[in-house]
Amino acid sequence: MEFHEVPAPTAPAGHDQPTRQRVARSILDNGPSTAAALAERLDLTPAAVRRHLDQLVEDGAVEAREPRSLGGRGRGRPAKLFALTEAGRDGFDQQYDDLAVQALRFLSETGGTEAVREFATRRASFIADRFARLAADHPDLSSAEVLARVFTAEGYAAAVRDVPVGEQLCQQHCPVSHVAHEFPQLCEAETEAISKVLGRHVLRLATIAHGDGVCTTCIPDLPATAEKPTTTEKKEHVSR
């Protein structure tokens, strides 16, 4: 299984930037759109919209998609839809990241490191809250696969791959990476929560917050001696 980094969008210079931001914002608010729909929505010429879309695609903020085929459509090739990439969405999330960093700095200054750690632990509680329910609903999934669903629901785009020693939980996106870069307690709390729900030691190998392409957590297989006792073994233990 291969994972690829999403290139961060660059900020084009010049007076076109505000209009280009309007084009990207319109896609964010209204979903994948054709150039014609964007032109009408923003009161721009189709040629101007296409110029901005070409630059956004080059920057990695927008991608072109082929629309789903509709049986009743007439002749001609259907117009492409333009959608934001993860990198494009990150550009809009940055302002919220800045606010979160400021809030955690204030918390650190007024409550100390322990206050930040407590906040990080409370935030990571979503892992335990959802893990048990999903595991019960999907007994066919491995523990790592359940965790992947938990994290994906929180915007982490998580997946699982097998490795010789067990499994790896791989998160291709991290919605708090900019904040976690300054406050690693967020990553540490997530790792501790994963270890707690699994009942075993796990190892965080890489994080997006520290420049890696993917957040990777190794979940080793339990040794045979650590397997849960069978029903018969439990009865024998009770009868002693």
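1. Where does Ala39 sit? Ala39 belongs to helix H2, which spans residues 35–42. Please keep in mind that this is a predicted model.

2. Is Ala39 buried or exposed? With a relative accessibility of 5%, Ala39 counts as buried, because buried means under 20% relative accessible area. Setting aside neighbours within four places in sequence, the contacts of Ala39 are Leu44, Thr45, Pro46 and Val49. There is also a C-alpha distance to look at: Ala39 and Arg50 are eleven residues apart along the chain, and their C-alpha atoms are separated by 8.8 Å.

3. Moving on to Pro220, you will find this residue in strand S6, residues 215–220. Pro220 has a relative accessibility of 28% and therefore counts as partly exposed; that class covers values between 20% and 50%.

4. What does Pro220 touch, if residues up to four places away in sequence are not counted? The partners are Val165, Gly166, Arg200, His201 and Val202.

5. Now for the rings. A pair of aromatic rings is described by two quantities, the distance of the centres and the angle of the planes. The count of aromatic pairs here comes to three. One of them joins Phe126 and Phe151: the ring centres are 5.8 Å apart and the planes meet at 80 degrees, so this pair is edge-to-face. Planes over 60 degrees apart are what that label requires.

6. Why does the Phe126 and Phe151 pair tie together parts that are 25 residues apart in sequence? Because Phe126 lies in helix H6 (residues 125–137), while Phe151 lies in helix H7 (residues 143–153). Both of these phenylalanines are buried, and for Phe126 the relative accessibility is 10%.

7. Phe126 has another ring partner, Tyr156, and that pair is stacked, at 6.5 Å centre to centre with 25 degrees between the planes. Tyr156 is in the loop between H7 and strand S3 (158–163) and Phe126 is in helix H6, so the pair ties together parts 30 residues apart in sequence. Tyr156 is buried, with a relative accessible area of 0%.

8. To put the ring points together: Phe126, Phe151 and Tyr156 form one aromatic cluster.

Terms used. Residues are numbered from 1 along each chain as its sequence is written. This is a predicted model: local features need pLDDT of at least 70, side-chain atom pairs count only at pLDDT 80 or more; totals for chains, interfaces and linings use all residues. Side-chain values use heavy atoms; hydrogens and water are left out. Helices (H or I, at least four residues) and strands (E, at least two) are DSSP runs, numbered from the N terminus. Buried means under 20% relative accessible area, exposed over 50%, partly exposed in between (1.4 Å probe, protein chains only). Contact means heavy atoms within 4.5 Å. Rings of Phe, Tyr and Trp (its six-membered ring) pair if their centres lie within 6.5 Å; planes under 30 degrees apart count as stacked, over 60 as edge-to-face and the rest as tilted.
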